[in-house]
Amino acid sequence: MYEAYFNLDRKPFQLSPDPRFFFGSRIHKRALAYLRYGLSQGEGFIAITGDVGTGKTTLVRTLFQDLPQEELFATQIVTTQLHADDLLRMVAIAFGLEVAENETKASLLHRIEGFLVEKAREGRRVLLVIDEAQNLPPHALEELRMLSNFQVSGRPLLQSFLLGQNQFRRTLQLPELEQFRQRFLAACHLTPLSEEETRDYILYRLENAGWRQDPALGDDAFAEIQARTGGIPRRINSLADRLLLYAFLEERHAIDAGVVETVARELDAELSAACDDAGGADADPGLERGLYDAQGRPAGYSWGHIDLRVSALESRIQTLERTVFRELAILRRAVKQLLKE
C-alpha cells in the first residue's frame, strides 16, 4: 500500500522469513558460520536457539539458498508436542515416504534407513532441519540420536540441525540426554540486536527495498524503536511496517521518536484487542484498563503470543487499507468537483 507512495521496490518489513533480507549481525554471522561448518563435517547435530522472532528460520532459509542440490537432500519439519513414534512418522513423511496408519516403529526405521542408503548411493547427503525443537520430549530426541547411527562404510547418512526457543537449552542439559549432547558439533544462541545493530538492520532492509531517504528517520526514532522492541527482529519488522503505513496515511515524510511512540501505543492497543477478540485467555487486565508503564508500553504486555496477535493485526490493517482507499477516492472526486466549480 505504502510502497508506491515512498517509491519502494518491495515491502521492506514483511513478517514472513525472507533470505533476501538476511541481516548479518555479529551473532547471526556466527550462527551461520556454525551451520556451514556443520555441513562441511557432514555429521552430528547443531543447535540454534533464541527467543521468538530472533531470526532462526530466516537463518536456515539463507543457508538453504546456498546448498548444492545435487550433493545434498535437505528438508525441514516443524514439531509440536510429539511422541517418539510420531516424530519418526514426521521424518518419514518429510523424506517423501508414504506412512501407513498402523505401521510399526521397526518398519518405519527400516524404510527410513533404506531412504538414507539410497541417497548415499546417489552421492547425496541428507540434512534434516527440525524447527520448534523445544517441543520435543527427551525420548523423541533420543530417537533422533538413534537415526544418526545409520552409516555406510563408516560415513553417517543423516545430519540434523535443531532450531528451538530458549527453553530448548534447558532440555539439552537434562542428565538423560548426555549421549545426545555428545553428538553435538556446535550450538549457538541468538540474542537481540544491540541499539547500533537495530539501526543498521532497519537501514539495511529499507535500502534493500529501494529506499531513497523517504521517509527520513531521525536518530531518536531508532532509539525509540530499540526501546519498544528490545532488538527482536520480528518485533522491529512489525513496528517498522506500521510506522511506514502511518507515515503514508498521515502524508508524513519524516519519522521521529514521537511518531514511534504514537504508533507503538496504537499497535499495542490493537494487539491487545485482537487477543481479547480471539478468546481473551491471554488478555492482560492492565491492557483492558488502558494502563501503561513508564516507557509508555501497556502494563504487563507480553510478546509471547505474537503470532496470534500479528495475524489479527494484519487482518485489521487490510480492512483499514480498503477503507482508506475508498475514502481517498471519495475525497479526490470531491476535490475535482470543487476545482471545476
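Mentor: In this predicted model, Tyr-5 counts as partly exposed because its relative accessibility is 27%, which lies between the 20% and 50% cut-offs. Phe-6, by contrast, has a relative accessibility of 1% and therefore counts as buried.

Trainee: How is a pair of aromatic rings described?

Mentor: One gives the distance of the centres and the angle of the planes. A search of the whole structure finds 10 such aromatic pairs. In one of them, Tyr-5 and Phe-6 sit edge-to-face, with 4.9 Å centre to centre and 75° between the planes. Ring pairs also link Tyr-5 and Phe-6 with Phe-248 into a cluster.

Trainee: Which parts does the pair of Phe-95 and Phe-115 tie together?

Mentor: That pair is stacked, at 4.6 Å centre to centre and with 15° between the planes. Phe-95 lies in the loop between α3 (84–94) and α4 (105–121), whereas Phe-115 lies in helix α4, so the pair joins parts that are 20 residues apart in sequence. Phe-95 counts as buried at 5% relative accessibility, and Phe-115 likewise counts as buried at 7%.

Trainee: Which residues of the largest nonpolar core touch the most other members?

Mentor: Among the 36 residues of that core, they are Phe-95, Ile-112, Leu-116, Leu-144, Leu-162 and Phe-180. Helix α4 supplies the largest share of this core, namely six residues. Leaving aside residues up to four places away in sequence, Ile-112 touches several residues, including Leu-88, Val-91, Phe-95 and Phe-150. A second, separate core has 30 residues, among them Leu-203, Ile-225, Phe-248 and Ala-264.

Conventions
Residues numbered from 1 in each chain as written. Predicted model: local features only at pLDDT ≥ 70, side-chain atom pairs only at ≥ 80, totals over all residues. Heavy atoms only, no water. Phe/Tyr/Trp six-rings, centres within 6.5 Å; stacked < 30°, edge-to-face > 60°. Buried < 20%, exposed > 50% of the residue type's maximum accessible area, 1.4 Å probe, protein only. Helix = DSSP H or I, 4+ residues; strand = E, 2+ residues; numbered from the N terminus. Core = buried A, V, L, I, M, F, W, Y, C linked by side-chain atoms within 4.5 Å. Contact = heavy atoms within 4.5 Å.
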